[in-house]
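Subject: Structure handover

Hello,

Please read them alongside the coordinates.

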Protein chains: 2
Amino acid sequence: MGVNKIGPVTTATSRSRLSPDERRTQLLDLGVSLLATRSLDELTIDVLAEEAGISRGLLYHYFGNKHDFREAVVRRAVDDLVAQTAPPEGGEPLERLLASIAAYVDYVVANYQGYVSIVKGAAGGTESMRDLYEEARSALTDRIFTEDAQGDLIPDTPAARLMVRAWSAMAEELVLTWVADPAGVTREQLLEAMTASLPALVDFLH
Amino acid sequence: MGVNKIGPVTTATSRSRLSPDERRTQLLDLGVSLLATRSLDELTIDVLAEEAGISRGLLYHYFGNKHDFREAVVRRAVDDLVAQTAPPEGGEPLERLLASIAAYVDYVVANYQGYVSIVKGAAGGTESMRDLYEEARSALTDRIFTEDAQGDLIPDTPAARLMVRAWSAMAEELVLTWVADPAGVTREQLLEAMTASLPALVDFLH
C-alpha cells in the first residue's frame with residue numbers, strides 16, 4: 001500500500017544507498033504510482049525521468065527500451081494488484097471473498113487511469129502485454145479455489161472454473177463502469193452484488 | 001442467415017447484373033463469411049480477391065484501403081450479429097431473452113475465429129474498431145430494455161443498465177471460453193445459466 005507514496009528520488013544520498021536492484025525496484029514503484037493517473041501510453045521514459053529527477057540515459061540503462069520499461073511497470077502493477085487483493089487469513093469464506101473484492105474495487109478506484117489502459121490495451125496490445133493480463137486474471141480467479149480449498153463457497157469443478165472466469169469479466173466491467181458513472185449504486189451495494197453473485201452464478205451451472 | 005452461403009462470385013453474368021452497391025455488399029458478405037474461420041488479421045484483400053475471383057485492384061476500388069476494408073467487414077458482421085440475435089416477436093419475456101441468447105451463442109460458435117479476433121482486437125485496436133465494438137455491445141444491451149419496455153423482466157434504471165452491461169461482459173467471456181473448452185457444460189445448461197443470471201444479477205443491485 002506504500003507503493004503510491006514514494007516521492008521523487010532525487011537526492012544523492014538515497015541514490016548512493018541503494019543497490020542497482022533496489023534502485024530499479026524504486027523506479028518501477030514510481031512508474032506504477034505514475035500509472036495511477038495516466039494511461040500506459042502516457043507513461044514514457046521522459047515522464048519517469050522528470051519525476052525521478054534522473055537522466056533518460058540512466059533509465060534506458062535500467063530498462064533497456066520503452067517497451068521493456070512499460071512491460072516491467074505493468075508486471076509490477078499486476079504483482080501489486082495480486083498482493084493487495086489477497087484475502088485475510090481467517091474468517092468465513094464469504095467474508096474473506098468480500099474483503100478481497102473490496103480491496104480490488106479500491107485498487108481500481110485508486111489506479112483507474114492506468115488500470116483502464118491496461119485492460120483496454122491488453123487485448124489488442126502486444127503479446128507480452130496480453131500474457132501479463134491473462135496471468136493477472138488467472139492469478140485472481142485461481143486464488144478463489146486455493147483460498148476455498150474445501151469448496152465451502154464454490155466446488156472446484158471445470159464448470160465452476162468456467163463460470164468464475166466469466167464472473168471475473170463481469171466484475172471487471174462492473175467496477176470500471178461504476179467508477180466512471182456510479183449510477184446511484186453505493187460502494188457497499190457494489191461489493192455485496194459482486195460477492196453474492198459469484199456463488200449464485202456458479203449455482204446456475206450446477 | 002444466407003450470409004455464409006454465398007459462394008465465389010466469379011461469373012461475368014452475376015457480375016454484370018449487380019449494381020456497384022450490390023456488388024460491394026456481396027463482397028462484404030463474402031468477407032464476413034471468410035471471417036468465420038479466420039482472424040481479422042488473416043482477412044486480407046488478397047484472400048478476398050482469391051475467394052471472389054477478382055483482382056486486388058478492383059477490391060481497392062470498392063474498399064479504398066486495407067483498413068477501410070476490414071472496418072467495412074466488421075461493421076457488416078456487427079449488423080449481422082445484431083439482426084440474427086433479435087428476439088422473436090411474441091412470447092414471454094424470459095423465453096424471448098432465451099431465444100436471443102441462443103442465437104448469440106450460435107452466432108459465436110459459427111463465427112468463432114473472427115469473433116474472437118474482433119473482441120480481442122477491439123480493445124487495443126484502432127479507435128474506429130473500438131467504436132464499432134462498443135456500438136455492438138450497446139445495441140445488444142440497450143435492446144434488452146426496448147424489448148422489455150414494460151420492465152417485466154428488468155426495471156429500466158441506471159443501476160440495472162450498469163449491471164446489464166456487466167452481465168454482457170460475463171456472457172461474452174462465458175461463451176468464448178465455453179466454445180474453446182465446454183468443461184462438461186451442455187449448450188442447454190449454458191443458455192439457461194446465461195438467461196437466468198440476467199434478472200438475478202440485476203436483483204443484486206436493487
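In the residue classes used here, Ala, Val, Leu, Ile, Met, Phe, Trp, Tyr, Cys and Pro are nonpolar, Asp, Glu, Lys and Arg are charged, and the others, Gly among them, are polar. This is a predicted model, where local features need pLDDT of at least 70, side-chain atom pairs count only at pLDDT 80 or more, and totals for chains, interfaces and linings use all residues. Residues are numbered from 1 along each chain, chains are lettered from A in the order written, and side-chain values use heavy atoms without hydrogens or water.

Symmetry. Chain A superposes on chain B by a rotation of 180° with 0.0 Å of shift along its axis, RMSD 0.0 Å (least squares on C-alpha atoms of residues with pLDDT of at least 70 in both). That is the relation of a two-fold axis.

Cavity. On a 1 Å grid over the protein atoms alone, a cavity is a set of points where a 1.4 Å probe fits but cannot get out, and lining residues have an atom within 4 Å of a point. The search finds 1 cavity of 30 Å³ or more. The largest cavity has a volume of about 570 Å³ (the space filled by probe spheres set on the points, which are joined across faces, edges and corners). Its lining has 34 residues, with Thr85(A), Ser100(A), Tyr104(A), Leu140(A) and Arg143(A) closest to the centre. By class, the lining of the largest cavity has 22 nonpolar, 6 polar and 6 charged residues.

Regards

Notes
1 Å grid on protein atoms, 1.4 Å probe; cavity = no way out; pocket = protein on both sides within 12 Å on 5 of 7 lines; lining within 4 Å.
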